[in-house]
Amino acid sequence: MSSTVISNIATLVTNDPSLRDDSPLGLVRDAAVVIEGDRVVWTGESRKAPATDNRVDAGGRAVLPGFVDSHSHLVFAGDRTEEFNARMSGRAYGAGGIRTTVAATRAAADAELEANLVRLLDEALRQGTTTFETKSGYGLTVEDEARALRLAARHTDEVTYLGAHVVAPEYAEDPAGYVALVTGEMLDACAPHARWIDVFCEEGAFDGDQARAILTAGKARGLHPRVHANQLSYGPGVRLAVELDAASADHCTHLTDADVDALADGNTVATLLPGAEFSTRAEWPDARRLLDAGVTVALSTDCNPGSSFTSSVPFCVALAVRDMGMTPDEAVRAATAGGAAALRRDDIGRLAPGAYADLTLLDAPSHVHLAYRPGVPLVAGVWRRGVRRV
C-alpha cells in the first residue's frame with residue numbers, strides 16, 4: 001500500500017481532541033498529513049513527517065477535514081425559481097411549496113433524477129464536501145419514495161427516509177391515512193434502502209403525536225431518527241428528538257429555554273441550516289445561545305430546490321459567522337466534526353490516525369478565510385478516501 005505525505009501546510013485543522021492548542025480545532029502549524037490507502041496514519045509538524053512513497057507540497061496553504069453535509073434533499077426534479085422570485089418580492093415562505101417539487105419529481109424518469117443528483121454531488125465536491133446525507137421526501141408515494149432512496153444509496157451510505165416531509169396531496173383530507181401509509185407499506189418498501197428516518201415536525205406538516213408515531217415505527221424497523229424541528233415556529237420537535245435519541249434536530253430556529261436545556265442534556269446534535277434563512281429572509285438561529293449552553297452544533301446546507309438551493313458549505317460557514325454568532329473556528333468545526341457527530345460517525349470530520357483521508361486544501365493560509373473571503377472559490381484540492389478528486 002503506497003503512502004503519501006501532504007507537507008508544507010501553513011495551518012492544519014485536525015479536530016483531534018488529543019492535541020492541545022488555542023482553538024477547538026486541534027490546529028497544527030507548518031504541518032503535514034500522511035495518508036496510506038484511504039486512511040490518515042500520521043499528522044504533525046512537517047519537519048517530523050515520516051518518509052513516504054509520494055509527496056504533495058501544499059504550498060503554505062491550509063488543509064482541513066472534508067466538509068460533512070449532514071442535511072440535504074438532492075433527489076428531485078424541477079425548478080422553483082418563480083417561487084423564490086416571488087418570496088424575495090414579499091411573499092412569506094410556507095411548507096406548501098414542497099408539493100411543487102413533488103409533482104415534478106413524480107413525473108421524472110430515474111435517469112433524470114440520478115443525473116441531477118450526480119450534478120449536485122459534483123458541485124458540492126468541488127466546494128470541499130466529502131460526506132453527505134440526503135433524503136427522500138419529494139415522491140410521497142410508496143414507489144417514488146423507494147426509488148429516491150435506491151438512487152441515493154448508489155452514492156452515499158447516509159440515506160434518510162423522509163416520507164413524512166408533508167402530507168401527500170392525495171391525502172390532504174385524510175392525514176391520518178397518510179401517516180398510516182408512511183408507517184406501514186411505505187416504510188416496508190423504504191427501510192431496506194435507508195439508514196435514517198426523518199419527519200418534518202411543524203405546523204402545516206406533522207404534529208408531535210404524528211411525528212412520534214412515524215419515528216417510533218422507523219426505529220422498530222432499524223432506522224435511526226432525525227427531525228426537522230422548530231424551523232418555522234415553536235413546537236415539540238426538538239424535545240421529541242432528544243426524547244427519542246435522534247441523531248440530530250435540524251433547523252432549531254425557534255427554541256425555548258427548555259429546548260436548549262434538552263439539547264444540552266442529551267446526545268442530539270443541533271444542526272443549523274443558514275442557507276434556509278438566507279433564502280427565505282427568516283429569523284437566524286442563535287448558534288451562540290446553543291454553543292454557550294454546551295450543545296453540539298453542526299452546520300449543513302439543507303440543499304433543496306425550494307428554501308435553500310445551495311450546495312456550498314463554505315457559504316454556510318460565512319453566514320454562520322456573520323449572522324448566527326459563531327466564531328470562524330466554531331463554524332468550521334460545526335461543518336466538519338459537528339456534521340460527523342450528526343451522523344454519529346467518528347471516522348470522518350477529523351484528520352487523525354484512523355480517520356478516512358478526506359481532506360480539503362484551501363487556496364489560503366488559514367481556515368478563517370472561509371468567512372473572511374465569502375463567496376470566493378477557495379477550495380484548491382479535495383481528497384476523498386485518500387484519492388485526489390479535485
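Which residue lies over the face of Tyr356, and at what distance from the ring centre? The first legend gives the answer.

**Figure 1. Arginines over aromatic rings.** This is a predicted model. Arg385 lies over the face of Tyr356, at 3.8 Å from the ring centre.

**Figure 2. The aromatic pair of Phe76 and Tyr138.** Five aromatic pairs are found in the structure. One of them joins Phe76 and Tyr138 in an edge-to-face arrangement, with 6.3 Å centre to centre and 75 degrees between the planes. Phe76 belongs to the loop between β5 (67-69) and α1 (81-88), and Tyr138 to the loop between β7 (134-135) and α4 (142-153), so the pair ties together parts that are 62 residues apart in sequence. Are these two residues buried or exposed? Phe76 has a relative accessibility of 2% and counts as buried. Tyr138 is also buried, at 3%. Ring pairs link Phe76 and Tyr138 with Phe309 into a cluster.

**Figure 3. The aromatic pair of Phe278 and Phe315.** The ring centres of Phe278 and Phe315 are 5.1 Å apart and the planes stand at 90 degrees, so this pair is edge-to-face. Phe278 is in helix α10 (residues 274-280) and Phe315 in helix α12 (residues 313-323); the pair links distant parts of the chain, 37 residues apart. Phe278 has a relative accessibility of 43% and therefore counts as partly exposed, since the class runs between 20% and 50%. Phe315, at 25%, counts as partly exposed.

**Figure 4. The largest pocket.** The volume of the largest pocket is about 290 Å³. Which element supplies the largest share of the lining? Helix α3 does, with six residues. In total, 19 residues line the pocket, and Leu121, Asp122, Leu125, Thr129 and Phe132 lie nearest its centre. Sorted by type, the lining holds eight nonpolar, seven polar and four charged residues.

**Figure 5. Surroundings of Phe67.** Phe67 is found in strand β5. Its relative accessible area is 0%, and it is buried. What does Phe67 touch, leaving aside its neighbours within four places in sequence? Its contacts include Gln127, Gly128, Thr129, Thr130 and Thr131. Val313, Pro314, Ala335, Thr336, Thr360 and Leu370 are also among the contacts of Phe67. Phe67 and Ala340 are 273 residues apart in sequence, and their C-alpha atoms are 9.0 Å apart in space.

**Figure 6. Surroundings of Ala320.** Ala320 lies in helix α12. With a relative accessible area of 0%, Ala320 is buried. Not counting residues up to four places away in sequence, Ala320 touches Leu299, Gly325, Met326 and Ala331. A distance of 8.9 Å separates the C-alpha atoms of Ala320 and Trp284, which are 36 residues apart along the chain.

Figure 7. Most residues other than glycine have a negative phi. Leu140 is not a glycine, yet its phi is positive, near 60 degrees. Leu140 is found in the loop between β7 and α4. It is buried, with a relative accessible area of 1%. Asn230 has a positive phi of about 55 degrees, although it is not a glycine. This residue lies in the loop between β11 (227-229) and α8 (237-243). Asn230 is buried, with a relative accessible area of 1%.

**Figure 8. Val166 in its loop.** Where is Val166 found? It is in the loop between β8 (159-164) and α5 (175-183). Val166 has 0% relative accessibility and counts as buried, because the class covers values under 20%. Val166 and Asp323 are 157 residues apart in sequence, and C-alpha to C-alpha they are 29 Å apart in space.

Key. Residues are numbered from 1 along each chain as its sequence is written. This is a predicted model: local features need pLDDT of at least 70, side-chain atom pairs count only at pLDDT 80 or more; totals for chains, interfaces and linings use all residues. Side-chain values use heavy atoms; hydrogens and water are left out. On a 1 Å grid over the protein atoms alone, a cavity is a set of points where a 1.4 Å probe fits but cannot get out, and a pocket is an open set with protein on both sides within 12 Å along at least five of seven lines; lining residues have an atom within 4 Å of a point. Grid points are joined across faces, edges and corners, and a volume is the space filled by probe spheres set on the points. Helices (H or I, at least four residues) and strands (E, at least two) are DSSP runs, numbered from the N terminus. Ala, Val, Leu, Ile, Met, Phe, Trp, Tyr, Cys and Pro count as nonpolar, Asp, Glu, Lys and Arg as charged, and the others, Gly among them, as polar. Rings of Phe, Tyr and Trp (its six-membered ring) pair if their centres lie within 6.5 Å; planes under 30 degrees apart count as stacked, over 60 as edge-to-face and the rest as tilted. Buried means under 20% relative accessible area, exposed over 50%, partly exposed in between (1.4 Å probe, protein chains only). A charge sits over a ring if NZ of Lys or CZ of Arg is within 6 Å of the ring centre and within 35 degrees of the ring normal. Contact means heavy atoms within 4.5 Å.
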